[in-house]
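Subject: A structure for you to explore

Hello,

Here is the structure I promised to pass on to you. Please open it next to this message, and then read on for what turned up in it.

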Amino acid sequence: MVAEDEYDLNIARGTKSEDHTVRAVFPDAKALRNLYPERGRFFTPEDIASRRRVCFLGKKITDEFFEKSEDPVGQEIRIGGIRFAVVGCLPEKKQMANIGTRDESVIFVPFSTGRSLFAGRKPLFMIEARAFDVDQSEEAAAEIRKALAIKYHFAPDDEEAAFILPMTRFTKMIDKFAAAIRIFVAAVGAVTLAIGGIGVTNMMLVSVSERVSEIGIRRAIAAAKYGSCFNW
């Protein structure tokens, strides 16, 4: 498990200035949140210990404050009026779900730096964890709640005392939605084929019905049974 904090701060470079989400994280967030850099590096334990003023930029932040021809790594950007050196940049990243702002629009700073400069008396934003087995995410959440209940003295089954959201709930929801769409498309296809078959059958019946009298006359004058002998 790793702690994570979040702040809304003014980000500035040169004449550009905009409010964005800043997250204070530990180095373990690299694997936990899939924050592997496209350029530069992610935070190290030394960054945490020394409270270094370094930052890691999401893709949209990089595109907003730096030209495509520029290399952001090693350059400075102001966060809440304080200068930070850019040590890495996140590549384009797709996320199905997230709590708060997506990583592409976030600036990351070392946890110790963020807490000392921006947190004040603000409580911790959240704690993140990952189960060893994705299918056991709900069980892992229950175990975490039990551990917190022992430490902070609340009932282990009190979900309101400690809000825990397994992100696998979103993936399961998407899987169910996709399955429902597949069933719907299959049903529509089957109905369409049935309607088409009925239409063809009706046209054939109409075609035969229109020629009943003609066929009767031909049979009456001893016309042959097969089409090749229907000619006069």
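Let's begin with a salt bridge, which is a side-chain nitrogen of Lys or Arg within 4 Å of a carboxyl oxygen of Asp or Glu. Glu 4 and Arg 23 form one through their side chains, with N and O 3.4 Å apart. Glu 4 belongs to strand β1 (residues 2-13) and Arg 23 to strand β2 (residues 16-25), so this pair links distant parts of the chain, 19 residues apart. Helices (H or I, at least four residues) and strands (E, at least two) are DSSP runs, numbered from the N terminus.

Before going further, a word on what you are looking at. This is a predicted model, in which local features need pLDDT of at least 70 and side-chain atom pairs count only at pLDDT 80 or more, while totals for chains, interfaces and linings use all residues. Residues are numbered from 1 along each chain as its sequence is written, and side-chain values use heavy atoms, with hydrogens and water left out.

**More on the salt bridges**

Are Glu 4 and Arg 23 buried or exposed? Both are buried, meaning under 20% relative accessible area; exposed is over 50% and partly exposed is in between (1.4 Å probe, protein chains only). The two also belong to a network of salt bridges that includes Glu 6, Arg 33, Lys 93 and Asp 103.

Asp 5 and Arg 115 make a salt bridge as well, at 2.3 Å from N to O. Because Asp 5 sits in strand β1 and Arg 115 in helix α4 (residues 111-119), the pair ties together parts that are 110 residues apart in sequence. Asp 5 counts as buried because its relative accessibility is 0%, whereas Arg 115, at 27%, counts as partly exposed.

Another salt bridge joins Arg 83 to Glu 76, with 3.8 Å between the closest N and O atoms. Here Arg 83 is exposed, at a relative accessible area of 60%, and Glu 76 is partly exposed at 43%. The whole structure holds 13 salt bridges.

**Aromatic rings**

How many aromatic pairs does a search of the whole structure find? There are 6, where rings of Phe, Tyr and Trp (its six-membered ring) pair if their centres lie within 6.5 Å, and planes under 30 degrees apart count as stacked, over 60 as edge-to-face and the rest as tilted. Phe 26 and Phe 111 are a stacked pair, 4.6 Å centre to centre with 20° between the planes. Phe 26 is partly exposed at 26%, while Phe 111 is buried at 13%. Elsewhere, Phe 42, Phe 43, Phe 56 and Phe 108 make up one aromatic cluster.

**The nonpolar core**

A nonpolar core is a set of buried Ala, Val, Leu, Ile, Met, Phe, Trp, Tyr and Cys residues joined through side-chain atoms within 4.5 Å. The largest one has 23 residues, and Val 22, Cys 55, Ile 77, Ile 79, Phe 84 and Ile 107 touch the most other members. Another core, of 11 residues, lies apart from it and includes Leu 35 and Val 87.

Lastly, look at Thr 21 in strand β2. Thr 21 is buried, with a relative accessible area of 8%. Its side chain makes a polar contact with that of Thr 101 at 3.0 Å; such a contact is a pair of N or O atoms within 3.5 Å, and within protein one must be able to donate a hydrogen and the other to accept it, with residues adjacent in sequence counting only if both atoms are side-chain atoms.

Enjoy looking around!
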